[in-house]
Amino acid sequence: MVACIAALFVLLFWLPTFTSSSSSSSLSVCIVGSGIGGSSVAHFLREYASPSASISIRVFERRGVVGGRMARVAVGGESFEAGGAILHPKNYHALNYTRLIGLKIRWPNATSASDGRDDDGDFGIWDGKSFVFKTWRVSSKLPVVDKIVSFANKGLLFWRYGFSLIRMDNFVQRTVNNFLKYYESTDSRPVFETVDEMLKWAGLYDLTGHNLEEELISIGLSPLLIRELITIITRINYGQSVSISGLAGAVSLAGSGGDLWSVEGGNWQMAAGLINRSNVDLHLHEAVQSISNHGNYYELNSSEGNSYKCEVAVVAIPLDEVDICFDPPLSIPPRKLQHTHATFVRGLLDPAYFGLSSVEEIPELVSTIEDPGIPFLSISVLKRHDEKEVTYKVFSHEAMVDTLLDQIFSVRKDTIRIDWGAYPRYKAPEVFAPFILDGQHLYYVNAFENAASTMETSAVAAENVARLILSRHFSHVPLKRSGSESSTVDAGLHLEL
């Protein structure tokens, strides 16, 4: 009798523990968006989850292909990057993705230019009337000649902008070095519930409180450098002036350096590869129209008339211009997207428009200063097919109508127009939406975009959100699994590339 009572006592004592452990070892997650943010969340959930955890993941994509803003466009039968086109050599998550998935990296000077990008061409600064500055271009197959021309162009830049170039580079390197803290070991790196906490921990928050021009003036950069070189970089990368917030501006400047790379065949393959290897249930052509909180679960209703239930919902698309109904309603800081019109033209520029006598005199990259009278932000060569046919990409604030294009181009065989809600409209001081939208289990990856918008910053935010989900659901901070084949950042990638 005593033995029976003792056995019953032991059973009653341990039963709650068994039940709790069993119920918390499974998790259902719904992710809205299949771009680099959504695919990275799926990847890191698999990466950090305990082997004993049972996690089901659904990914919803309103289009018929994954990748989000890492999209491609076909021009004259060839494919080019229409969205996120370049990555920094210290974008370690993206580099690791290519290794995990087995993608081929296209570095500058690559002989196989599948995207038709010319990374090492000359550039000019156009003020609407003339080129106020141009670098040299010499057609040669001799590497020594290319090196001489590159060295001469650096001399031209230094002659015009002086030691301000060094101060600019130091500013960018300090920002990059702070950003590298997000790749530190998960043993010591916290999990962040807010963007503010995440930026403060890395020493980046103060840059969001002032605009880029203020930051650069405070460190002694010359007005000429700010008005010309830095302005053309922010106009090309973010479609905005030096009045953008300081962190976004620093990220933009980092994206103009050397050794930038892309994925051969398209950057969208990173998202596709992560989704394929993360064992998700993918719903293409299915937009999420509403997300309702029912206490223990969320109900997602889609454009296909379907209803899905999950314990965790992750929004990995900008909420600024999508029509998702939330119940109960959400309150997040208002934000506008900066629209950039990308016009792809296969044809030939008209040298007369630029006051030149031949098309060979037009730089590979035509950049522009801040002037409302100039109808475009930049014109860049994507691929030279022959002497009379080139594929160009034109960035502008407004749609490029045919009459305007006919003034700029002497020949137009193919024209493709895309209107991108590409990135936030930056304005200091930045105010951030939280990663946890409702204080429960509704997460927002794109809250980080108010700091800076790139493929890599989306991956960094997604990794934090995945760790946040797992730490809150399983009541412990998830660490990288030792010996994992898909370790977050290969140590070898931390070397200078």
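Two strands are said to pair if DSSP finds at least two bridges between them, and the strands themselves (E, at least two residues), like the helices (H or I, at least four residues), are DSSP runs numbered from the N terminus. The model shown here is predicted, so local features need pLDDT of at least 70 and side-chain atom pairs count only at pLDDT 80 or more, whereas totals for chains, interfaces and linings use all residues. Residues are numbered from 1 along each chain as its sequence is written, and side-chain values use heavy atoms, with hydrogens and water left out.

**View 1. The parallel sheet of 5 strands.** In this open sheet the strands follow the order β9-β2-β1-β13-β20, and their pairing is parallel. At the edges are β9 (281–284) and β20 (442–444), each of which pairs on one side only. From one strand to the next the twist averages 15°, where axes are lines fitted to C-alpha atoms (for helices over the stretch in contact) and angles run from 0 to 180 degrees between N-to-C directions. Strand β13 (residues 312–315) is joined to β20 in the parallel sense by 3 bridges, and within this pair V314 has Y443 of β20 as its bridge partner.

**View 2. The mixed sheet of 4 strands.** A further open sheet has the strand order β12-β11-β10-β14, and its pairing is mixed. Because β12 (307–310) and β14 (325–327) stand at the edges, each with a single partner strand, one side of each is left without a neighbour in the sheet. Neighbouring strands of this sheet are turned against each other by 15° on average, with direction ignored. Strand β11 (residues 298–302) runs antiparallel to β12, and 4 bridges join them; here L300 stands opposite Y308 of β12.

**View 3. The hairpin of β17 and β18.** Strand β17 (residues 378–386) pairs with strand β18 (residues 389–396) in the antiparallel sense over 7 bridges, and the two form a hairpin with 2 residues between them. β17 also pairs with strand β16 (residues 365–368), again in the antiparallel sense, over 3 bridges.

**View 4. The largest nonpolar core.** A nonpolar core is a set of buried Ala, Val, Leu, Ile, Met, Phe, Trp, Tyr and Cys residues joined through side-chain atoms within 4.5 Å, and buried means under 20% relative accessible area, exposed over 50%, and partly exposed in between (1.4 Å probe, protein chains only). The largest such core has 147 residues, of which I230, M270, I291, L300, V314, F354 and F376 touch the most other members. Helix α12 (residues 455–474) gives the most to this core, contributing 11 residues. If neighbours within four places in sequence are left aside, I291 is in contact (heavy atoms within 4.5 Å) with a set of residues including V32, L300, V315, F326 and L442.

View 5. The peptide bond from D327 to P328 is cis, with omega near 0°, and P328 is found in the loop between β14 and β15 (337–349). A cis peptide bond also joins A428 and P429, with omega about -5°; P429 lies in the loop between β19 (409–424) and β20.

View 6. N279 is a residue other than glycine, yet its phi has a positive value, near 55°. N279 is found in the loop between α10 (268–277) and β9, and its relative accessible area of 60% makes it exposed. H285 is not a glycine either, and has a positive phi of about 55°. H285 is found in the loop between β9 and β10 (288–293), where it counts as exposed at 53% relative accessibility.

**View 7. The protein chain as a whole.** The secondary structure of the chain comes to 12 helices and 20 strands, and buried residues make up 51% of its 497 residues. Among the contacts with a separation of 6 or more, 73% are between residues 24 or more positions apart. The chain exposes about 22500 Å², of which carbon and sulfur atoms supply 55%; accessible areas come from the Shrake-Rupley method with a 1.4 Å probe, and for residues only the protein chains shown count as cover.
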